[in-house]
Amino acid sequence: MTAQTTGEGSRPGADFGSSGSFTLDIERRTIAQAISSYWTRIRSGEPGALPSVLGLIVLALIFSQVSSRFLGRNNIGNLPGQGAYIAVIALGLVFVLLLGEIDLSAGTTGGICAGFAAQAINSHHLHNGLSTLLYWALVGAMAGAIALGLWLKTYTGCGVVAIGLIIIFTGLDSHVIFALLFAVSVGAAVGIFTGYLVGKIGIPSFIVTLALFLAWQGVLLFVLNSQPIGVNNYPFWYGLAHNNMSPTWSWVFTIVVAGGYLLYTTLKSIRAQAQGLAADTLQLVLVRGGVIALVALVITYFANQNRNPNPNFKIEGLPWAATVPITLMILCTIALTKTPWGRHLFATGGSAEAARRAGIDVVHIRVTAFTICSSFAAIGGVFLASNTGGVQLDLGAGNILLFAVAAAVIGGTSLFGGRGRPRDAIIGALVIVIIPNGIGLRPSLPAQYQNVITGAVLLVAAAVDALSRRRGRAGR
Amino acid sequence: MAEPILEIKGLNKSFGPVHVLHDVDFSVYPGEVSALVGDNGAGKSTLVKCIAGINSIDSGQIRWEGKPVTLNDPRAAAALGIEFVYQDLALADNLDITQNMFLGREIRKFGFLADGQMERKAREALASLSVRTVSSVRQLVANLSGGQRQTVAIAKAVLWDSRVVFLDEPTAALGVAQTRQVLDLVRRLAGQGLGVVLISHNMNDVMEVADRVAALYLGRIAAEVFTKDSSTTQIVELITSGRSGDIGLTPATANQSI
């Protein structure tokens, strides 16, 4: 039936305005056609997640040859803890990269946010840990960020900063959970400030965030009074990168996430087809959702078995360092694809002029994107401190931001704006983290290879992006 | 004769010492295509920007359905039902056709995007314009041809019950077949009762689709003529020298403008 409709719709003289004009939208493709159209899409410059997933598999195959321990349960179980901070920082960066901007300060922002939290718990109240000048400078800066945010209509960001102010004024900041919340609100304040400088004043984001990247490294030394603070004594914080959900809750998590995805996409496909809207074929949706659910179930099954080589105590369940970033990724995806705000963010990244003429407040979009990026950077800094055991004097400095950018780019996010997905950050972070992990498993392999291989992978990812882009343009 | 839906009377506009528009009169009638022609720098863009509310006016009156209005904000024009399709189209390449057509005016359900509803409305809007060149409203705009992009931009403008549409050089970057499609579309817009203003350099296009032509010469309306009573030569003369035979500016005024 479909072939016939296509023929008639494209012939001149077919009746005007009938729904037959939109043949591609309403024709129902078989699975073979869907796969061939997917292939066409890959060839025409929208490779989606394919290159990064393939890269992940290739690297996994190579490292499984390097060391037999690589694919062991224990090693795989360690990956999330080692990579969560890259994944979370990269998630935040996706929002900024979608606008065609960059945030070089995300790593060191995470550093100071974790530093404030650690200092607050360590000295039982931030007031005791910081010099009077720094404490009141922080309070003033956060109040200023709220005022700035209200003016720029970033109300949610203001709310998060206000919660942080309440936490330090009520003295709750000596509790771990509230201290970590406070870290996020410092991140939001930093983001509002950065967004104001970039979006409203109009300084290039590269320069603004480069300046902040340098400045925060100094601020961290003030915050810590030049003394690193360990966080291993705080079970909640330590647990973020090291502990696991109980096996029961792991199953609940997997079933809710994978089942929810399968159910949502299936219902969406059925409903859209019933209403004659463009939709993926039901078989395609079921196959795709089924594969994802199967992978999730297999991973959960293996994660729920004891993976500790030491027989004295058990390690089992999905690591929090995997479930927290995945939950954040789902929230980001919903925000970006299902809300008007997300649509406006994509439009601003694709063509700021088009967005402005469509009545979108481009400044507001920029400020909110930077606010989210810095808030996620704070969470990333907390994960990093948890993974390394404490807030060191250079937490978040060095390569960390660049690894996060690389993760987003390897996943398929464009540095030119307008193209990218939260899941890119997660897949890319996995690629980034298995390289040092795999090399570390064979002591005879010098660690120098690590950066060389990471660089090569990044280059390949960027080349795939550029080539598919060029093909896309040429095909037009 | 029908009453004009949009009427501009005695509009003056200066940028500093430069007097860009002199006592311009211009009218748009429902169901008609009015062409606005003129050489580079004649003031076409300034006139459009004054109507769009991007530029303020120094003196003169803008009447909408006979009532004086002030248009000092782009949203004021949109609220009346005046839409502008600029030459660079202002479409976001990374969004699909539906998303572009509803950009900034998304339909929401419980605060989330109602994509299905928007898709259906986008398809209805394109179908009402008898657009047959677009096979899917879920295509990315980046993958469209110039003519299709122009079509989407125009459909976007008429999606909102607009009454007057300004088209700035809609065929400038198009090939022969695509120009044909866009010109047909322009006629259909007028056929639906919209007032269409066509800003163009291309005399063939103007003679073919416009009902009336207003020629701007150095900031003054040289003449407003009906296409059926005039020739391409006459209009070209009006554009280049401000007068043609016994119509147009007096020689004194024409020279004074320089």
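1. The sheet of chain B. In this predicted model, six strands of chain B make an open sheet with mixed pairing, in the order 6-9-10-3-11-12. Strands pair when DSSP finds at least two bridges between them; strands (E, at least two residues) and helices (H or I, at least four residues) are DSSP runs numbered from the N terminus. At the edges are strand 6 (82-85) and strand 12 (220-226) of chain B, each of which pairs on one side only. From one strand to the next, the twist averages 20°. Angles run from 0 to 180 degrees between N-to-C directions, and axes are lines fitted to C-alpha atoms, for helices over the stretch in contact.

2. Conventions. Residues are numbered from 1 along each chain as its sequence is written, while chains are lettered from A and ligands numbered from 1 in the order in which they are written. As this is a predicted model, local features need pLDDT of at least 70 and side-chain atom pairs count only at pLDDT 80 or more, whereas totals for chains, interfaces and linings use all residues.

3. Strand 6 of chain B runs parallel to strand 9 (residues 164-168) of chain B, with four bridges between them. One of the residues involved is B:E83, whose bridge partner in strand 9 of chain B is B:V165. Helix 1 (residues 44-52) of chain B packs on the sheet and touches strand 3 (33-38), strand 6, strand 9, strand 10 (195-199) and strand 11 (212-217) of chain B. The direction of helix 1 makes about 140° with that of strand 6 of chain B. Helix 6 (residues 176-191) of chain B also packs on the sheet, touching strand 3, strand 9 and strand 10 of chain B, and its direction makes about 150° with that of strand 10 of chain B. Contact here requires C-beta atoms, placed from the backbone, to lie within 7 Å.

4. Six bridges join strand 11 and strand 12 of chain B in the antiparallel sense, and B:R212 stands opposite B:F226 in strand 12. The two strands form a hairpin with two residues between them, and B:L218 in the turn has a positive phi of about 45°. Strand 12 of chain B is largely enclosed by the rest of the structure, because five of its seven residues are buried. A residue is buried if 20 or more other C-beta atoms lie within 10 Å of its own, exposed if 12 or fewer, and partly exposed in between, with C-beta atoms placed from the backbone.

5. Chain A overall. Chain A has 21 helices and two strands. Of its 476 residues, 45% count as buried. Among contacts in chain A between residues at least 6 apart in sequence, 75% join residues at least 24 apart.

6. The nonpolar core. Such a core is a set of buried Ala, Val, Leu, Ile, Met, Phe, Trp, Tyr and Cys residues joined through C-beta atoms within 7 Å. The largest one has 207 residues, of which A:A90, A:A117, A:A183, A:A404 and A:A407 touch the most other members. Helix 10 (residues 176-201) of chain A gives the most to this core, with 17 residues. Leaving out residues up to four places away in sequence, A:A404 touches A:I86, A:I89, A:A90, A:L93, A:A106 and A:G107.

7. Two residues in one loop. A:R307 lies in the loop between helix 14 (282-303) and helix 15 (320-338) of chain A, and A:L318 lies in the loop between helix 14 and helix 15 of chain A. A:R307 is partly exposed, because 19 other C-beta atoms lie within 10 Å; A:L318 is buried, because it has 24. A:R307 is 231 residues from A:I76 in sequence, yet their C-alpha atoms are 9.5 Å apart. For A:L318 and A:P80, 238 residues apart along the chain, the C-alpha separation is 9.4 Å.

8. Helices 12 and 18. Helix 12 (residues 235-242) and helix 18 (residues 362-388) of chain A pack at about 90°, with axes 8 Å apart. These helices are therefore roughly perpendicular to each other, a term used for angles of 65 to 115 degrees. The contact is made by A:W237, A:Y238, A:L240 and A:A241 of helix 12 and A:V382, A:F383, A:S386 and A:N387 of helix 18 of chain A.

9. The contact between chains. Chain A contributes 31 residues and chain B 29 residues. On the side of chain A that touches chain B, helix 16 (340-350) of chain A is among the helices that each supply at least two residues, and helix 16 gives the most, with six residues.

Terms used
Two residues are in contact if their C-beta atoms, placed from the backbone, lie within 7 Å. Angles under 35 degrees count as roughly parallel, over 145 as roughly antiparallel, 65 to 115 as roughly perpendicular and the rest as oblique.
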